[in-house]
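Visitor: Please show me the sequence and the structure before we talk.

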Amino acid sequence: MEKFVIEGKKRLEGSLAVHGAKNSVLPILAATLLTGESVIHNCPRLTDVDAACNILHYLGAQSKREGDCMIVQSGNDCCCCIPDDLMRMMRSSIVFLGAIIAKCGKARISLPGGCELGPRPIDLHLDALERLGVVIEEDHGYLNCRSQGRLQGAKIPLPFPSVGATENIMIAAALAQGETLIQNAAREPEIQDLAAFLNACGAKVQIGSGGDITIAGVERLHPAEHRVIADRIAAATYLSAAAITHGDLTLTGVCPEHLSAVLPCFEEMGCRLAVDGSIIRLTAPQRLEPLRCVRTMPYPGFPTDAQSPLMAVSCLAYGSSLFVENIFESRYKQVPELRRMGADIKVESRVALVKGVPSLHSATVRCTDLRGGAAIAVAALGAEGESELFEIEHIDRGYEAFEQNLASIGANIRRDCTSQKPML
Ligand code: UD1
């Protein structure tokens, strides 16, 4: 077991390069099953990426890392089954389903387990695949999926612009016969990145301006190289860490447009932002102002994944901030841990009211989920004294070299091995 020990109140100052986006690279790795050899640049070192590679290996593909680059070699032979233990290692393993069916004409995967963000159903994924001609049966916790020959293009209206469902359909429909139209598709930058990768491999994916995606099926995909976009949520997290420590941070290698709903929140808190191409510099004030209302929405709205780190900053703002979570049911798991550090937060269903306090204090806390864990780390950076964070494996799922990055800009943070159970 490992923990982070963070001594707060150190001003963060300097420059960080932001790693490749977790939520881009995972569906792209799933899609490499269909492309022969793929070279994926800017592939972050994350445990979720390791989990995706383990699934690829199980399915018969090979992968090797060379620096920031992942090379995947997938042959014609493909196992069509993902066992339960691999499915559970990564919550988004469901995104492999479309690729396996497109390649093998059948798939058997265990139903994804429960999730720390509340129920995370896959009905939209399954409905869409059925429209593409897949017959799906449930069998003792497994899904048996089969198609008669090639998948058939179809019109798929999504009742909600689910990111994962949109990705699964894009990958499956890339090799279908005929045209697929996804209505009310997700529009996140990671969807655009997956489309760019598929198109580099010979697919014909077109993203319309109004939320429609058209995929003209092709017979085969070919090898390609692709560079993954920067992780906008990691960027938002490091900006939060700088804001709460009244710091001065320059992020490089980012796409500011992808943060268009997030950057104004930092300005509302009184931070100064200078954006120049792929560089963002944030200079935080001594006194942070509250956020009137942050409503999480599908892109281009405010991303649910950035809600928790921003909430951590608002704990020290001069006044009350309001958050409304519209994407996931249980996205306030970090709140009890933030309260242990002295935060004043009331949650009523999807609404959280944060009353800023003059200071946070150190505590022994647990990371409740990936972004909740990041929020707790941000709070610890702004708190008086030395905090201990347990269950940091959640953070390792989505942040490359988290503690090295923070230490390089002045944080006092270290990773310790521990056999100790948190006394919570
Ligand atoms: C992805 C991201 C996650 C982000 C989320 C929303 C990855 C690996 N993860 O998750 O970081 O927080 O988008 O931006 O990219 N839903 C259904 N039925 C379905 C699918 C989804 O009801 O079949 C619901 C979910 O329960 C949730 C909402 O739709 O309430 C959004 O889910 P979705 O957009 O699918 O998120 P993920 O793809 O799981």
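Guide: A polar contact is a pair of N or O atoms within 3.5 Å; within protein, one must be able to donate a hydrogen and the other to accept it, and residues adjacent in sequence count only if both atoms are side-chain atoms. The model is predicted: local features need pLDDT of at least 70, side-chain atom pairs count only at pLDDT 80 or more, and totals for chains, interfaces and linings use all residues. Residues are numbered from 1 along each chain as its sequence is written, and side-chain values use heavy atoms, without hydrogens and water.

Visitor: Which residue has a polar backbone atom 2.7 Å from an oxygen atom of the ligand?

Guide: The side chain of Asp-123 has an N or O atom 2.7 Å from a nitrogen atom of the ligand. The backbone atom asked about, 2.7 Å from a ligand oxygen, belongs to Leu-124.

Visitor: What percentage of the ligand's accessible area does the protein cover?

Guide: Accessible areas come from the Shrake-Rupley method with a 1.4 Å probe; for residues, only the protein chains shown count as cover. Of the 740 Å² that the ligand has on its own, the protein covers 84%.

Visitor: Which residue forms a salt bridge with Asp-305?

Guide: A salt bridge is a side-chain nitrogen of Lys or Arg within 4 Å of a carboxyl oxygen of Asp or Glu. Asp-305 also has a polar side-chain atom 2.6 Å from a ligand oxygen. Its salt-bridge partner, with the closest N and O atoms 4.0 Å apart, is Arg-371.

Visitor: Is Arg-371 buried or exposed?

Guide: Buried means under 20% relative accessible area, exposed over 50%, partly exposed in between (1.4 Å probe, protein chains only). Because its relative accessibility is 2%, Arg-371 counts as buried.
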